[in-house]
Amino acid sequence: MYILSMVILIFFAIIGLCTFIGAMLDRTYRVKEGLTLIVEGLTPDSAEAQIRAAARICQRHRGVGMVCICGEDSSVKEICSLMKKDYPFIEIRESG
């Protein structure tokens, strides 16, 4: 029983150490202000998923802005405007 508890303790200690090192690396290499993520080529079928994935990147790296470039399709523009309510850092632009 003692050996099993030591193996479990070492396992969780290694996980904790890896998490700590990852957090320190994230803090060291944090993105500076002024970086913008451009999302274009959105279709009505995949627009929400693409915007949410890009928004996760922007939230993980504080200071990153996001621009959605919508084409002639009004449904994509509507989806982008609805997503802007959830993510206020989104900027909507029309192509062309």
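Predicted model: local features only at pLDDT ≥ 70, side-chain atom pairs only at ≥ 80, totals over all residues.
**Sheet, helices and aromatic pairs**

Numbering runs from 1 along each chain as its sequence is written, and side-chain values use heavy atoms, with hydrogens and water left out.

Now the sheet. Helices (H or I, at least four residues) and strands (E, at least two) are DSSP runs, numbered from the N terminus. Strands pair if DSSP finds at least two bridges between them. Here three strands form an open sheet in the order β1-β2-β3, with parallel pairing. Its edge strands, each pairing on one side only, are β1 (35-39) and β3 (90-94). Five parallel bridges join β1 to β2, residues 64-70.

Next, the helices. Contact means heavy atoms within 4.5 Å; axes are lines fitted to C-alpha atoms, for helices over the stretch in contact, and angles run from 0 to 180 degrees between N-to-C directions. Helix α2 (residues 47-60) packs on the sheet and touches β1, β2 and β3. Helix α3 (residues 74-86) lies across β2 and β3, at about 160 degrees to β3.

Last, the rings. Rings of Phe, Tyr and Trp (its six-membered ring) pair if their centres lie within 6.5 Å; planes under 30 degrees apart count as stacked, over 60 as edge-to-face and the rest as tilted. That gives two aromatic pairs. Phenylalanine 11 and phenylalanine 12 are edge-to-face, 5.3 Å centre to centre with 70 degrees between the planes. Tyrosine 87 and phenylalanine 89 are tilted, because their planes stand at 55 degrees.
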